[in-house]
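Here is a short tour of a structure, one piece at a time. Have the sequence to hand as you read.

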Amino acid sequence: MRQRRMVAARSPYGLESGHLLLIFAAVLLTVAGIAHTAAVGLVDSQVALGFGALIAAGELARLTMPGNREVAPVSTAASLGYALLLDVGGRPADHPALQVVAVMAVGMISGGLPHLAVGRPPRLDAMARRLLAGSLLAFAYRPMTGFLREIALRDNWWPALGVMAVLGTVMLAADVMIAAMLRSEQVRTAFGVTVRDEIRMAAPLGAAVAASGMLLALASHSMDLTALPAFAAPLLVTQVAFRKYAGIRATYLQTVRALSRVTEVGGYVEPGHSRRVSRLSLAIGRELGLSEPQLLELEYAALMHDIGQLSLRDPIPGGATVLADPAQAARIAELGAEVIRKTGVLHGVAEIVRRQCDPVADSPPLASRIIRAANAYDDLVGGSADRDRAGAALERLRLGVGGEYDPAVVEAMARAIDHLDPRGV
């Protein structure tokens, strides 16, 4: 029943209900913004076009950060700058909030079209989040611009700066909460865990982007539209650095995945074993509330948990270490950890692999206990989708609870298996 409910919550395109609701809200905002702007006319079209062009350029240069987070720092900073604008070169900026929505939407769509043309469609949920965040700020801030501008003209910018900072912080907090809710639904983990992950992974970049948007709005007072290229250049340079970092992370994971296949190619384990153990381990880790950095370390360790089998002269039949002598299994884990340790950068992963055969009484790391249980389950079930076989394997693991297997891990595994898509195993 639980599995049917989860499948029903997905759209035919693989999006969860929360993502669809967010996209629907963004579409409504876009239609309202464009319709209102078309009806009343574009206020200060030159400024609107300038900011719209910068938003489009930012969308064109969007990137994917660790955790499959799509971000567009330049686009977001330009959107926030336009929402917070008081004046441009001394000319009052009196555009309404709905015009801000229209300029953001048109800019984002324009910047996404080239990607779409070459087969790299933007993530609609990520684009909708950026639009919604900027819109919330615009609706809260634009009604106060007249009052704040009068104070600023008396050379007192502090009230305006304070309001910008407060609303920017509220917008950032709301964006983190929305992102956490969507991620919780997507990866099937506790909301509190995803909030913690979003604060750690996304909030620092979001704070920098919000500060850049504020500076862009303030700089437009004295620099006119020349503030746009002046601020866009350093943001683009920073984005290049982020892109390199994200690329290194992605290459690193691909390398680990390729290395994990060596045992399969050599005939030491069944095809797909490491990938299935990794996938099940991550599902268990999410059930137990592991953070994103812990899950990444768990994924590395799960992919390489059997690499010590390469030292065997005669492979274990089927690679099933659950059926091996405990001393031999421990020796395989020790040799695998030594191989990983020689990389010089995966010491935590090596320790997880080394202790995967330790009894529960020795208090091995939680990741080690997870991998031990996931490995045993896959050794017994393999790629089979037979529910009776899966049930028998779980019962066998429950018999080893307290000695070989952690009871909390086994119960989390039972819950995880209940909603894992068998087609992905």
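## Ground rules

Contact, as used here, means heavy atoms within 4.5 Å. Helices (H or I, at least four residues) and strands (E, at least two) are DSSP runs, numbered from the N terminus.

This is a predicted model, where local features need pLDDT of at least 70 and side-chain atom pairs count only at pLDDT 80 or more, while totals for chains, interfaces and linings use all residues. Residues are numbered from 1 along each chain as its sequence is written, and side-chain values use heavy atoms, with hydrogens and water left out.

## The whole protein

The protein has 19 helices and four strands. Its C-alpha trace spans about 80 × 45 × 40 Å along the principal axes.

Of its 425 residues, 48% count as buried (buried is under 20% relative accessible area, exposed is over 50%, and partly exposed is in between, with a 1.4 Å probe and protein chains only). Take the contacts with a separation of 6 or more: 72% of them come from residues 24 or more positions apart.

## Helix 7 and what covers it

Which residues of helix 7 are buried? In helix 7 (residues 145–153), they are Thr-145, Leu-148, Arg-149, Ile-151 and Ala-152. They cover an arc of only 160° around the axis, so they sit on the same side of helix 7 (the arc is that of the directions from the helix axis to the C-beta atoms). The background is simple: an α-helix has 3.6 residues a turn, so residues three or four places apart point the same way.

The cover over these buried residues includes strand 3 (87–88), strand 4 (91–92), helix 6 and helix 8 (158–187). On the face turned away from the buried side, helix 7 carries the exposed residues Phe-147, Glu-150 and Leu-153. After helix 7 comes Asp-155, with a positive phi near 60°.

## Two helix pairs

Two packed helices are described by the angle between their axes and the distance between the axes. Axes here are lines fitted to C-alpha atoms, for helices over the stretch in contact, and angles run from 0 to 180 degrees between N-to-C directions. Helix 5 (residues 97–117) packs on helix 6 (residues 124–141) at about 160°, with the axes 9 Å apart. That makes helix 5 roughly antiparallel to helix 6 (under 35 degrees counts as roughly parallel, over 145 as roughly antiparallel, 65 to 115 as roughly perpendicular and the rest as oblique). From helix 5, Ala-97, Leu-98, Val-100, Val-101, Met-104, Ala-105 and Met-108 meet Met-127, Arg-130, Leu-131, Gly-134, Ser-135, Ala-138 and Phe-139 of helix 6. By class, that contact has 11 nonpolar residues, two polar and one charged (Ala, Val, Leu, Ile, Met, Phe, Trp, Tyr, Cys and Pro count as nonpolar, Asp, Glu, Lys and Arg as charged, and the others, Gly among them, as polar).

Now for helix 11 (residues 227–260) and helix 14 (residues 292–303): they pack at about 25°, with their axes 9 Å apart. Helix 11 and helix 14 are therefore roughly parallel to each other. Arg-249, Tyr-252, Leu-253, Val-256, Arg-257 and Ser-260 in helix 11 meet Leu-296, Glu-299, Tyr-300 and Leu-303 in helix 14. The contact of helix 11 with helix 14 counts six nonpolar residues, one polar and three charged.

## Residues in loops and one in a helix

His-305 sits in the loop between helix 14 and helix 15 (326–341). Buried or exposed, at 1% relative accessibility? His-305 counts as buried. Beyond its neighbours within four places in sequence, His-305 is in contact with His-273, Ser-274, Val-277, Val-353, Gln-356, Ile-371 and Asn-375. His-305 and Ile-352 are 47 residues apart in sequence, and 8.6 Å apart C-alpha to C-alpha.

Gly-67, in the loop between strand 1 (63–65) and strand 2 (69–71), is partly exposed at 26% relative accessible area. Not counting residues up to four places away in sequence, Gly-67 touches Arg-183 and Glu-292. Thr-194 also has Arg-183 among its contacts, along with Ala-180, Ser-184 and Thr-189, leaving aside neighbours within four places in sequence. Thr-194 lies in helix 9 (residues 191–201) and is buried, with a relative accessible area of 2%.
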